[in-house]
Structure formats: structure tokens, C-alpha cells
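This briefing covers a ligand, the cavity around it and a pocket elsewhere in the listing. Please look at the sequence and the structure first.

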Amino acid sequence: MALFDMRGMLNHAHQHGYAIAAFDLVSLDFLEAIIKAAESCQAPVILSLAESHFEYFDFELAMAATEAAAKRTWVPVAIHLDHGASLQSAVSAIRLGCNGVMVDASTFPLSENMARTKSVVDMAHACGVPVEGELGYVAGVEGEDAEKHPGELIYTSPEEAVRYVEHTGVDFLAVSIGTVHGRMRGEPQLDFDRLNSINQSLGIPLVIHGGTGLSNEQFRKLIERGVSKINYFTALADAAADQIRSNLSAAQTQGGYTALLKGIQAPMQAEMERCIRLWGSDERAGELLAVCQAWRPVDHIIIYNVSEDSDPEAMIAEGRKVLAAIPGVREVFAGKAVKDDAGYRYSWNVRFCHPDVIDSYRDHPEHVKFANNRFRPLASDRISSDFLETA
Ligand code: 13P
């Protein structure tokens, strides 16, 4: 299991002057290529799933595969919701296994951006999950021509950045200093003085969106000025598309879907390895494994009996629904003893994403209401305990 707390990963990168790659994935080919690239470079990596891409894949199914890949690899990884649009998006992403979330309210005026971001931070921090906010506006759409961008780029103001971070409590800040999402013509002009001043006044890991199209020198200067996470997608999508186009060549025209996709991981992997080495996160995996906190779930387990004359079915059905919706809950299992003579006849196994959920779940108004009004009156005989997954 190599899922790690993203705070430790990005703080290490910030302190040691390198950046961790956050590659957006839109299919199993992307996921496998990311893991292969990270393993071959012995690098930490962020498996990033952008809400704007959810029209191309089923987020819930993709998360199951992403989490399985994170568990199987030995390099440190975090799973991140990229460009989350709302509080509910962040709640769902955490339920499905993201251990970092971005809230992108950057198209709203500052006060609205701060209010929306703070509501996500309050919820996510109560679940132990770090949050990336965005201030200023990075125009463009991942995977498309940058010229088609909706809206004009708005640079991050260093003074507003201080207010924004103090007010919201975000752990990482995505800044706008001249990059654009998508395919660029030529090199964008970046405002390195602005970045310097933001980095000096904030001292937290900074994030660059729109990594595609930047030069080696630009990446080096970004990282020198506090950029610790670089989001990258369009160049990977283009590398895959080039391979598909070459598969369309004469010899392959008889082939179907699998023939068209043949070999698309290799060019993506090569581009990812180039980025990882350029950004200095290669051969950092071992160090991070030693200093970062592993990301481990907690099982909140209750075994209980109900009195002879009561039927708990309705209470159990309600609990399943109510408890599963509480932020930080991954899964709710309601069980009945297999054997009639078991000491305890019923169970709850509520899986939390992080130990911080023990307190926030206990105090959550929906839990308090359900426990006091529905569960405890029926289950006077009960034992409960929280169990952290062992290493
Ligand atoms: P590019 O598609 O321009 O590399 O940007 C990716 C990104 O910023 C995802 O959030």
C-alpha cells in the first residue's frame, strides 16, 4: 500500500526544491502509464482525476481502479480530485477514495471564491483531507487548443493570495501567472516576479496548472519559486492520439478498438518520465516513504443486540442511508450474525477515510440525530471501537 498523505509529499517537495507530477488520467491506459513511469523513475506521483473529464469515464469505476493501482505500487502516491466544482463534488470524491481535493471557484469574485473554498476546507479537514484552492484564473480547457479558452486569464494578486489563504486555510494554492490549460502555440509569458512574491508571502506549496507547452527553463524557474505540484494532461493526450493515428496506417485499418489503442501507453510513459526527471522528483520515492504519513482508513465497529420484541430492519435501512452520506465515510456495512447463538446478533462496520473522521463523524448532526433517536433506543446492549488499519 503506497497511498500517502499529500501534505507530507508536497511539503517535502517544497522544502527540497522539486515538483511532484500530477497527471490527469482519463482511462486505464493513462493510469497504467502513470504508475509505470513513476515506478521506473522511482518517483512519487499524484493520480489526478479532473471533474471536467467526468463525461469521458465513470468516476466511481475509475476510482476503484485508481485505488487498486495505488495499493499495488510501491512508489508513494496520492489520489486527487482536480478542479472540483462544488462542496458535494469534494464530499463524493473523498467517499470514493480521493485523499486530496481541489476546489476551483476561481471564476467567482474573491469573496464568493473564499466562501466556497472555505466550506470545502472545513469539510475536508474534518476528514483529514488536504485541499488545493485556486486564486486568479488559468484559462483554457485541458486537452484542447489553448486559443479556444473560455474567459481571459486573470493573474493571482500576491496581496489577495495572503487574504485568501488565511481566510480559507487551504493547504496548497494554484496560482495564475501566465499559464493556460491546453495546447499552446509558442511559449506563454510567465510572471516570475509575481510568483516569487506569492511564494515568499505564503510559504505553502504552490501548484501550476496548464503544464503542457512550457519550456525546460520555465519549469526550472517555476520550481525555484515554490511550485511543488505541476498539473499536466494535454501533452499526454496528444502523445496517445499520435499513436492512435499511426495505428490507423494501412497495415492496421482492418483492426478494431484494441488495434487502434495498441501501444498508446509507451509514448505517454516516455513523456511522463521526461517530466518527472525535469521536475526533479525522480529517485525521491525512497525518501518520501521514510518521512511521509501513510494514508490509512479506520473501521468504526459496533456490535449490538436489540430487545426480543423489536424489529431493527427499518432502523438499519435508515442508518445505511444517513451514515453513508456523512463526509469522510467510505462505506457502511450493516450485518446480522450468521449463527443464531452468537453473543451479539447485529453489527455496523463504518469505514472512515482517516482517523480525523472519528471525531467529526461522532459530532456530525445527522449522526447525532440518528444515534440518539433511532439506534440507541433499540440497541441498549452494544460495544463499539475504532480500529486503524495496521501497517
Ligand atoms: P495541460 O492540459 O495544459 O497540461 O493542463 C493540465 C491541468 O492543468 C490540469 O488541471
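β3, β8 and β10 each supply at least two residues of the lining of the largest cavity; strands here are DSSP runs of E with at least two residues, helices are runs of H or I with at least four, and both are numbered from the N terminus. The model is predicted, and local features need pLDDT of at least 70, side-chain atom pairs count only at pLDDT 80 or more, and totals for chains, interfaces and linings use all residues. Residues are numbered from 1 along each chain as its sequence is written, and side-chain values use heavy atoms, with hydrogens and water left out.

**The cavity**

- The search of the whole structure finds one cavity of 30 Å³ or more. On a 1 Å grid over the protein atoms alone, a cavity is a set of points where a 1.4 Å probe fits but cannot get out, while a pocket is an open set with protein on both sides within 12 Å along at least five of seven lines.
- The largest cavity holds about 80 Å³ of space, a volume being the space filled by probe spheres set on grid points that are joined across faces, edges and corners.
- Its lining has 14 residues, and Glu142, His181, Gly210, Asn231 and Phe233 lie nearest the centre; a lining residue has an atom within 4 Å of a point.
- By class, this lining has two nonpolar, nine polar and three charged residues. Asp, Glu, Lys and Arg count as charged, Ala, Val, Leu, Ile, Met, Phe, Trp, Tyr, Cys and Pro as nonpolar, and the others, Gly among them, as polar.

**The ligand**

- The ligand sits in the largest cavity, meaning that more than half of its atoms lie within 2 Å of the grid points.
- Around the ligand are 15 residues, the closest being Asp82, Gly182, Gly210, Thr212 and Thr234; each has a heavy atom within 4 Å of the ligand.
- Polar side-chain atoms of Asp82 and Thr212 each lie 2.6 Å from an oxygen atom of the ligand. These are polar contacts, pairs of N or O atoms within 3.5 Å.
- The protein buries 100% of the 310 Å² that the ligand exposes when taken alone, by the Shrake-Rupley method with a 1.4 Å probe.

**The largest pocket**

- About 400 Å³ of space lies in the largest pocket.
- Among its 23 lining residues, Glu67, Arg95, Arg330, Glu331 and Arg351 are closest to the centre.
- α3 gives the largest share of this lining, five residues.

Technical notes:
Polar contact = N/O pair within 3.5 Å; in protein donor to acceptor, adjacent residues only side chain to side chain.
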